[in-house]
Amino acid sequence: ENNDSLTLSFLPEQYREALRLCGTLSGRDCNKVEKAGLTPLKLNSVSHVSFEESRLCLVCKKLFKIPMTEEAFIDKDVLTRWYNSNPGGSLHDIYVVEILEAWNKE
């Protein structure tokens, strides 16, 4: 995996449950892509991966990264609703990226 880049995959509405599963399961504990029923799709020789089911994928270069902190939330309801003790509810990192490539299925 290339640590200097990331991919953002956008799936059609019918994959909402698959996305919910990916957002609540940890890849350290299971193969969440398999559990969600998604099909990995290698985009190029630099190991960028999306999914066959994606309608759009952005290949991005990471420019900046900072961890989220509880103190930084202006709307505390967002913190309570999405970042809690439930599976998948831990704080994330925020990235600023440059879009290098866009893969559109249509």
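A search of the whole structure, which is a predicted model, finds 1 aromatic pair, where rings of Phe, Tyr and Trp (its six-membered ring) pair if their centres lie within 6.5 Å, with planes under 30 degrees apart counted as stacked, over 60 as edge-to-face and the rest as tilted. The rings of phenylalanine 73 and tyrosine 83 have centres 5.6 Å apart and planes at 50°, so the pair is tilted. Phenylalanine 73 belongs to the loop between β4 and α3 (76-82) and tyrosine 83 to the loop between α3 and β5, so the pair ties together parts that are 10 residues apart in sequence.

Because the model is predicted, local features need pLDDT of at least 70 and side-chain atom pairs count only at pLDDT 80 or more, whereas totals for chains, interfaces and linings use all residues. Residues are numbered from 1 along each chain as its sequence is written, and side-chain values use heavy atoms, with hydrogens and water left out.

**Overall architecture**

- The protein chain has 3 helices and 5 strands, these being DSSP runs numbered from the N terminus (helices H or I, at least four residues; strands E, at least two).
- Read along the sequence, these elements follow the pattern β-α-α-β-β-β-α-β, and the C-alpha trace spans about 40 × 30 × 25 Å along its principal axes.
- Of the 106 residues in the protein chain, 22% are buried, on a scale of relative accessible area where buried means under 20%, exposed over 50% and partly exposed in between (1.4 Å probe, protein chains only).
- Among contacts (heavy atoms within 4.5 Å) between residues at least 6 apart in sequence, 63% join residues at least 24 apart.
- The protein chain exposes about 7900 Å², of which carbon and sulfur atoms supply 53%; accessible areas come from the Shrake-Rupley method with a 1.4 Å probe, and for residues only the protein chains shown count as cover.

**Salt bridges**

- The structure holds 3 salt bridges, each defined as a side-chain nitrogen of Lys or Arg within 4 Å of a carboxyl oxygen of Asp or Glu.
- One of them joins arginine 16 to glutamate 13, with the closest N and O atoms 2.7 Å apart, and both arginine 16 and glutamate 13 are exposed.
- Another brings together the side chains of arginine 20 and glutamate 17 (2.7 Å, N to O); both residues lie in helix α1 (residues 16-24), 3 residues apart, which is about one turn of the helix.
- Arginine 20 is partly exposed, at a relative accessible area of 44%, and glutamate 17 is likewise partly exposed, at 45%.
- The side chains of lysine 65 and aspartate 93 also meet in a salt bridge (3.5 Å, N to O), and this pair links distant parts of the chain, with lysine 65 in strand β4 and aspartate 93 in strand β5, 28 residues apart.
- Aspartate 93 has a relative accessible area of 35% and is therefore partly exposed.

**Nonpolar surface patch**

- Leu63, Phe64, Ile66, Ile94 and Val96 form a nonpolar patch on the surface, with about 440 Å² of accessible area together.
- Patches are made of residues with over 30% relative accessible area and no salt bridge, with like charges joined within 9 Å and nonpolar side chains (Val, Leu, Ile, Met, Phe, Trp, Tyr) within 5 Å.
- Strands β4 (56-67) and β5 (93-104) each supply at least two residues of the nonpolar patch, and β4 gives the most, with 3 residues.
- Valine 96 is found in strand β5 and, with a relative accessible area of 43%, is partly exposed.

**Surroundings of serine 5**

- Serine 5 lies in strand β1 (residues 5-10) and, at 9% relative accessibility, counts as buried.
- The side chain of serine 5 makes a polar contact with the side chain of histidine 48 (2.9 Å); a polar contact is a pair of N or O atoms within 3.5 Å, where within protein one must be able to donate a hydrogen and the other to accept it, and residues adjacent in sequence count only if both atoms are side-chain atoms.
- Leaving aside residues up to four places away in sequence, serine 5 touches His48, Cys60, Lys61 and Lys62.

**Phenylalanine 73 and threonine 80**

- Phenylalanine 73, a member of the aromatic pair, is buried, with a relative accessible area of 14%.
- Threonine 80 is found in helix α3 and is exposed, with a relative accessible area of 59%.
- The C-alpha atoms of threonine 80 and glutamate 70 are separated by 9.8 Å, the two residues being 10 residues apart along the chain.
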